Amino acid sequence: MSDYLTLASVGLAEYEIKRSRFWGYASPAASEGQAVDFINSVKTKHLDASHNVYAYSLKKDNIRRFSDAGEPSGTAGAPVLDILEKEGLYDCAVVVARYFGGTLLGTGGLVKAYSNTARMAVQKAGTVKMTKCVMFEFKCPYNVYKKALTLLESLSGKVENTEYAENIRIGVLFPFDNMSRFDAEIADIMGAKAEISAISEKYASIL
């Protein structure tokens, strides 16, 4: 999987049905630790809630977990996770806190309420595409610097840092899939193969 979607920010939504109130929270979470920390932070805000249902999905190792938090099996956590799966979202977590209003909602009502609340929270958070990237540095002569920047921009590269010395050393966050094209075109610009030192690979948002 080269690209995937995650949440752009934290989203909050409120939903009410038959006097039961649902508070939905959605957040990016790059690891299981971050997901658990987010879940616990929401639980702390809603210690008096009848239920604190959650689900999260992580790209690494394709981890997906959920909890019904005391609701009937399959009526709460699974529907929340289903929203993440339908939207194709990874590295994120959703928590829905329910305050019981005195009227039983039934199986179908619970599924609808938790699904709607999760969906609304996700919509409030927004989504962003994460792309497999490589962090690298290369040396560039001053006389072709502007052309090199134009090439980087055309291939969705982001300049992270620039160091001026005998040559210009440029640190770049660059889409992995565009590397072969960059290698060929920067060689044409510089008249020689670029001296590139790869630092690391990561997933990042390239806008």
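The legends below describe close-up views of a predicted model. Residues are numbered from 1 along each chain as its sequence is written, and side-chain values use heavy atoms, with hydrogens and water left out. Local features need pLDDT of at least 70 and side-chain atom pairs count only at pLDDT 80 or more, whereas totals for chains, interfaces and linings use all residues.

View A. Helix H1 covers residues 32-45; helices (H or I, at least four residues) and strands (E, at least two) are DSSP runs numbered from the N terminus. From first C-alpha to last, the 14 residues of H1 reach 20 Å, close to the 20 Å expected at 1.5 Å a residue, where the expected span is 1.5 Å times one less than the number of residues. Ala 35, Phe 38, Ile 39 and Val 42 are the buried residues of H1. Buried means under 20% relative accessible area, exposed over 50%, and partly exposed in between (1.4 Å probe, protein chains only). The buried residues of H1 line one face of the helix, because they fall within an arc of 100° when seen down its axis; the arc is that of the directions from the helix axis to the C-beta atoms. Their cover includes strand E3 (20-28), strand E4 (51-58) and strand E6 (92-99). Asp 37 and Thr 44 are exposed on the other side of H1.

**View B. Ser 9 in the loop between E1 and E2.** This loop runs between strand E1 (3-7) and strand E2 (11-17) and holds Ser 9. Ser 9 counts as partly exposed, because its relative accessibility is 32%. Its contacts, leaving aside neighbours within four places in sequence, are Ala 26, Ser 27, Pro 28, Lys 124 and Ala 125; contact means heavy atoms within 4.5 Å. The side chain of Ser 9 also reaches the backbone oxygen of Ala 125 at 2.9 Å. This is a polar contact, that is, a pair of N or O atoms within 3.5 Å; within protein, one must be able to donate a hydrogen and the other to accept it, and residues adjacent in sequence count only if both atoms are side-chain atoms. Ser 9 and Gly 126 are 117 residues apart along the chain, and their C-alpha atoms are separated by 6.6 Å.

**View C. The largest pocket.** The largest pocket holds about 270 Å³ of space. Of its 17 lining residues, Tyr 4, Ala 29, Ala 30, Ser 31 and Asp 91 are the closest to its centre. E1 and strand E7 (127-140) are the elements that give two or more residues to the lining; the largest share, three residues, comes from E1. On a 1 Å grid over the protein atoms alone, a pocket is an open set of points where a 1.4 Å probe fits, with protein on both sides within 12 Å along at least five of seven lines, and lining residues have an atom within 4 Å of a point. Grid points are joined across faces, edges and corners, and the volume is the space filled by probe spheres set on the points.

**View D. Thr 117 in helix H3.** Thr 117 is placed in helix H3 (residues 106-125). At 0% relative accessibility, Thr 117 counts as buried. A polar atom of its side chain lies 2.7 Å from the backbone oxygen of Ala 113. Not counting residues up to four places away in sequence, Thr 117 touches Ala 13, Tyr 15, Phe 22, Trp 23, Gly 24 and Val 96.

**View E. Val 128 in strand E7.** Val 128 belongs to strand E7 and is buried, with a relative accessible area of 17%. Residues up to four places away in sequence aside, Val 128 touches Tyr 4, Leu 5, Thr 6, Leu 7, Ala 8 and Ser 205.

View F. The 12 residues of helix H5 (residues 179-190) reach 16 Å from first C-alpha to last, close to the 16 Å expected. Met 179, Phe 182 and Ile 186 are buried in H5. Seen down the axis, these buried residues fall within an arc of 50°, so they line one face of the helix. They pack against E7, helix H4 (145-154), strand E9 (168-175) and strand E10 (196-204). Ser 180 and Asp 188 are exposed on the face turned away from the buried side.
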